[in-house]
Amino acid sequence: QVRLVESGGGLVQPGGSLRLSCAASGGRSFSSVAMGWFRQAPGKERECVAAIYWDASLTYHASSVKGRFTISRDNVQGTTDLQMNALKPEDTGVYYCAAGKRSAWSGYPSLADFDSWGQGTQVTVSS
């Protein structure tokens, strides 16, 4: 499995922006697998907010974040980022970076498509 380390979380006011970054090392080649960002709010299940194919030819953004969040990746640097704009209090949660089992996914990306996880970074949107 690949090792993933997230950074960039914190406290931000509603309407603000944050950029999360995930650095990958070890394990299978980063550039050959899909990557995703998941979040888990207190008392809720972990959900996929964004995912990207191995070659960035396809991205997925959950309807709740579409138009506000953007996922990207750099296969040379071994990183994947999540740019979050126009943040809302309901975006609060722990955000996890995940590496996929394969280069892509079928249908919509889900927990079952990913098998390596970072430790998570807290994002709090509050005034």
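Strands E7 and E8 run antiparallel and are joined by 6 bridges. This is a predicted model. The protein holds 11 strands and 0 helices. Four of those strands make an open antiparallel sheet, ordered E1-E3-E8-E7.

**The E7–E8 hairpin**
- E7 and E8 form a hairpin, with 4 residues between the two strands.
- Gly78 sits in the turn and has a positive phi of about 75 degrees.
- Across this pair, Ile71 has Leu82 of E8 as its bridge partner.
- Strand E8 covers residues 79-84 and is mostly covered, with 5 of its 6 residues buried.

**The four-stranded sheet**
- The sheet is open, its strand order is E1-E3-E8-E7, and the pairing is antiparallel.
- Strand E1 (3-7) and strand E7 (69-74) stand at the edges.
- Each edge strand has a single partner strand, so one side of each lacks a neighbour in the sheet.
- From one strand to the next, the twist averages 15 degrees.
- E1 and E3 pair in the antiparallel sense over 5 bridges.

**The nonpolar core**
- The largest nonpolar core has 34 residues.
- Met35, Trp37, Leu82, Met84 and Tyr95 touch the most other members.
- Two or more residues come from each of E3, strand E4 (35-40), strand E5 (47-52), E7, E8, strand E9 (93-100) and strand E11 (121-125).
- E5 gives the most to this core, with 5 residues.
- Nonpolar side chains tend to be buried together in soluble globular proteins.

**The whole protein**
- From the N terminus on, the elements run β-β-β-β-β-β-β-β-β-β-β.
- The radius of gyration is 13 Å, close to the 14 Å that the globule rule gives for 127 residues, so the protein is as compact as a globular protein of that length.
- The C-alpha trace spans about 40 × 25 × 25 Å along its principal axes.
- Of the 127 residues, 43% count as buried.
- Among contacts with a separation of 6 or more, 61% come from residues 24 or more positions apart.
- The protein exposes about 6200 Å², and carbon and sulfur atoms supply 48% of that area.

**Gln13, a loop residue**
- Gln13 lies in the loop between strand E2 (10-12) and strand E3 (18-25).
- Its relative accessibility is 53%, so Gln13 counts as exposed, the cut-off for exposed being over 50%.
- Setting aside neighbours within four places in sequence, Gln13 is in contact with Val125 and Ser126.
- Gln13 and Ala86 are 73 residues apart in sequence, yet their C-alpha atoms are 9.5 Å apart in space.

How values were computed: Residues are numbered from 1 along each chain as its sequence is written. This is a predicted model: local features need pLDDT of at least 70, side-chain atom pairs count only at pLDDT 80 or more; totals for chains, interfaces and linings use all residues. Side-chain values use heavy atoms; hydrogens and water are left out. Buried means under 20% relative accessible area, exposed over 50%, partly exposed in between (1.4 Å probe, protein chains only). Contact means heavy atoms within 4.5 Å. Two strands pair if DSSP finds at least two bridges between them. Axes are lines fitted to C-alpha atoms, for helices over the stretch in contact, and angles run from 0 to 180 degrees between N-to-C directions. A nonpolar core is a set of buried Ala, Val, Leu, Ile, Met, Phe, Trp, Tyr and Cys residues joined through side-chain atoms within 4.5 Å. The radius of gyration is taken over C-alpha atoms; the globule rule is 2.2 Å times the number of residues to the power 0.38. Accessible areas come from the Shrake-Rupley method with a 1.4 Å probe; for residues, only the protein chains shown count as cover.
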